[in-house]
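Hello,

The structure we talked about is below, and my notes on it follow. Please read them with the model open.

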Amino acid sequence: MASSDLKSAALLDQMKTHFSTDAGKALVKKIGLVYQINLAPKKMGFNEEIYVVDLKKGEVTKGPYEGGKPDATFSFTDEDFYKIATGKMNPQIAFMRGKMKVKGSLSAAQKFTPDIFPKPSKM
């Protein structure tokens, strides 16, 4: 992936590696949906970087989804996405407070939980 200044980009890179593990492959089988994530450095809708987390193929790519429509699209600021992915912020609370915007299938969106992210390795 192209380099990025976003904290979340490193997380998404780790996720790419995670999908090649048995745990990652099990997730792909279990979920089988495609998510597009729009990450903004400061304010949603401005200078967003777009990533696709494809849980059909088990890959993470940078750029908009090209295989039709993603099952759900999320918009976050970099900081809020990082907090949700690392389990420091509850996704439902983030949604209710407007820190996370969702387009597409809400039932698909509910399957996109912090559990799908690789746990940070303890040093």
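Y35 is buried, with a relative accessible area of 0%; buried means under 20% relative accessible area, exposed over 50% and partly exposed in between, with a 1.4 Å probe and protein chains only. This is a predicted model, in which local features need pLDDT of at least 70 and side-chain atom pairs count only at pLDDT 80 or more, while totals for chains, interfaces and linings use all residues. Residues are numbered from 1 along each chain as its sequence is written, and side-chain values use heavy atoms, with hydrogens and water left out.

Aromatic pairs

The whole structure holds five aromatic pairs (ring centres of Phe, Tyr and Trp, the last by its six-membered ring, within 6.5 Å; planes under 30 degrees apart are stacked, over 60 edge-to-face, the rest tilted). In one of them, the ring centres of Y35 and F74 are 5.9 Å apart and the planes stand at 35 degrees, so this pair is tilted. Y35 belongs to strand β1 and F74 to strand β4, so the pair ties together parts 39 residues apart in sequence. Helices (H or I, at least four residues) and strands (E, at least two) are DSSP runs, numbered from the N terminus. F74 is buried too, at a relative accessible area of 2%.

Y35 also forms a tilted pair with F112, at 4.6 Å centre to centre and 55 degrees between the planes. F112 lies in the segment after α5 and Y35 in strand β1, so this pair ties together parts 77 residues apart in sequence. Ring pairs link Y35, F74, F76, F81 and F112 into a cluster.

Core

The largest nonpolar core has 31 residues, and those with the most contacts inside it are L12, Y35, V53, F81 and F112. Such a core is a set of buried Ala, Val, Leu, Ile, Met, Phe, Trp, Tyr and Cys residues joined through side-chain atoms within 4.5 Å. Its largest share, four residues, comes from α1.

Helix α3

In α3, the buried residues are D78, D80, F81, I84 and A85. They cover an arc of only 165 degrees around the axis, which puts them on the same side of α3; the arc is that of the directions from the helix axis to the C-beta atoms. These buried residues pack against α1, β1, β4 and α4 (91–96). Just after α3, G87 takes a positive phi of about 80 degrees.

Regards

Conventions. Contact = heavy atoms within 4.5 Å.
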